Amino acid sequence: MRHELKYILTPIQYELLRNKLKWVLEPDANASDEGEYFIRSIYFDSPDRVALKEKLSGINRRKKYRIRFYNGDTSFCRLECKEKTGSRIQKQSCALTRKQVNWLLRIEENADADSQTDTIVKATEPELFQQMNLLIKSEGYEPVVTVDYVREAYVLPLSDLRITFDKQLAWGPVKGCLEQERYLSNIYGDYVILEVKYNEYLPEHISAILSSVGPVQTAASKYVACVEAQRAAKGY
């Protein structure tokens, strides 16, 4: 399992840290010429929002399920299960066809949910897809909210270090999530979410750079922030 540390940065902290890190880290190869890319995730939860409650209650071991794609390209979607134990994480993922995406989002054309089960979910489907389908059928899991943000990422082979700055966090409805270009609610304003992921240890020089800026570690959850913003917008 990998370590994951999260922080909320002020605009000044972001600029200071970014200017220091870009001299010792490599930009993510998947980023654009501007060094950024756009991420959209559609999160699933049970009808009584067990994932949300576990996060808010500080349950030590918990899971989150989501569909994710990048830069608005729905031709390559992934289903992910992120499991967290304390500050350590591990992630399972599998690629999805458009038909599988539609099935999980319940937007399959010309078929109701019950009639799709036998024709789509087969033993040859990816194991994670079957697991998600089981949660939908047995526990009523459903797509809850769309989470958008822009990511600026840097990497270092040492300890498989990955540092990301996530900006312009916004929520959106599930309906139309495969077509809508961008949601612009910008929940955190100019503040930036910093995530630091690594394997065995955090390199000392990186730790020193982080300490020099003085960010405060937090349990920031994009899913929780977007669900709460969604509830506020709907008035409940």
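Modeller: Let's begin with helix H1, residues 11–21, where Gln13, Tyr14, Leu17 and Leu21 are buried. Looking down the axis of H1, those buried residues fall within an arc of 100°, so they line one face of the helix. The arc is taken from the directions that run from the helix axis to the C-beta atoms. Buried means under 20% relative accessible area, exposed means over 50%, and partly exposed is in between, with a 1.4 Å probe and protein chains only. Helices (H or I, at least four residues) and strands (E, at least two) are DSSP runs, numbered from the N terminus.

Some ground rules before we go on. This is a predicted model, in which local features need pLDDT of at least 70 and side-chain atom pairs count only at pLDDT 80 or more, while totals for chains, interfaces and linings use all residues. Residues are numbered from 1 along each chain as its sequence is written, and side-chain values use heavy atoms, with hydrogens and water left out.

What do the buried residues of H1 pack against? Their partners are strands S1 (2–9), S7 (142–156), S8 (161–172) and S9 (192–198), plus helix H6 (204–213). Contact here means heavy atoms within 4.5 Å.

While we're on rings, the whole structure has 5 aromatic pairs. In one of them, the ring centres of Tyr65 and Tyr141 are 6.3 Å apart and the planes are at 85°, so the pair is edge-to-face. That pair links distant parts of the chain: Tyr65 is in strand S4, whereas Tyr141 is in the loop between helix H5 (127–139) and S7, 76 residues apart. Both are buried, Tyr65 with a relative accessible area of 6% and Tyr141 with 11%. For the record, rings of Phe, Tyr and Trp (its six-membered ring) pair if their centres lie within 6.5 Å; planes under 30 degrees apart are stacked, over 60 edge-to-face, and the rest tilted.

Next, the open space. The largest pocket holds about 460 Å³. It is lined by 23 residues, and Arg68, Lys91, Arg151, Arg162 and Lys197 are the closest to its centre. S1, S3 (36–45), S4 (61–70), S5 (73–85), S6 (88–96), S7 and S9 each supply at least two lining residues, and the largest share, 4 residues, comes from S4. By class, that lining has 15 charged, 6 nonpolar and 2 polar residues. Ala, Val, Leu, Ile, Met, Phe, Trp, Tyr, Cys and Pro count as nonpolar, Asp, Glu, Lys and Arg as charged, and the others, Gly among them, as polar.

The largest cavity has a volume of about 130 Å³ and 13 lining residues, with Lys55, Arg62, Lys64, Lys84 and Ser221 nearest its centre. S1, H2, S4, S5 and helix H7 (222–234) each give two or more residues to that lining, with S4 giving the most at 3 residues. The classes here are 8 charged, 4 nonpolar and 1 polar.

Both kinds of space come from a 1 Å grid over the protein atoms alone: a cavity is a set of points where a 1.4 Å probe fits but cannot get out, and a pocket is an open set with protein on both sides within 12 Å along at least five of seven lines, while lining residues have an atom within 4 Å of a point. Grid points are joined across faces, edges and corners, and a volume is the space filled by probe spheres set on the points.

Another helix to look at is H3 (residues 98–105): 6 of its 8 residues are buried, so it is largely enclosed by the rest of the structure. The buried ones are Gln100, Val101, Asn102, Trp103, Leu104 and Leu105. Gln100 has 7% relative accessibility and, leaving aside neighbours within four places in sequence, is in contact with Ala95, Glu125, Pro126 and Phe129. Just after H3, Arg106 takes a positive phi of about 60°.

Two loop residues also have positive phi. Arg49, not a glycine, has a phi of about 55°; it is in the loop between S3 and helix H2 (50–57) and counts as buried at 19% relative accessibility. Ser159, with phi near 60°, is in the loop between S7 and S8 and is buried at 8%.
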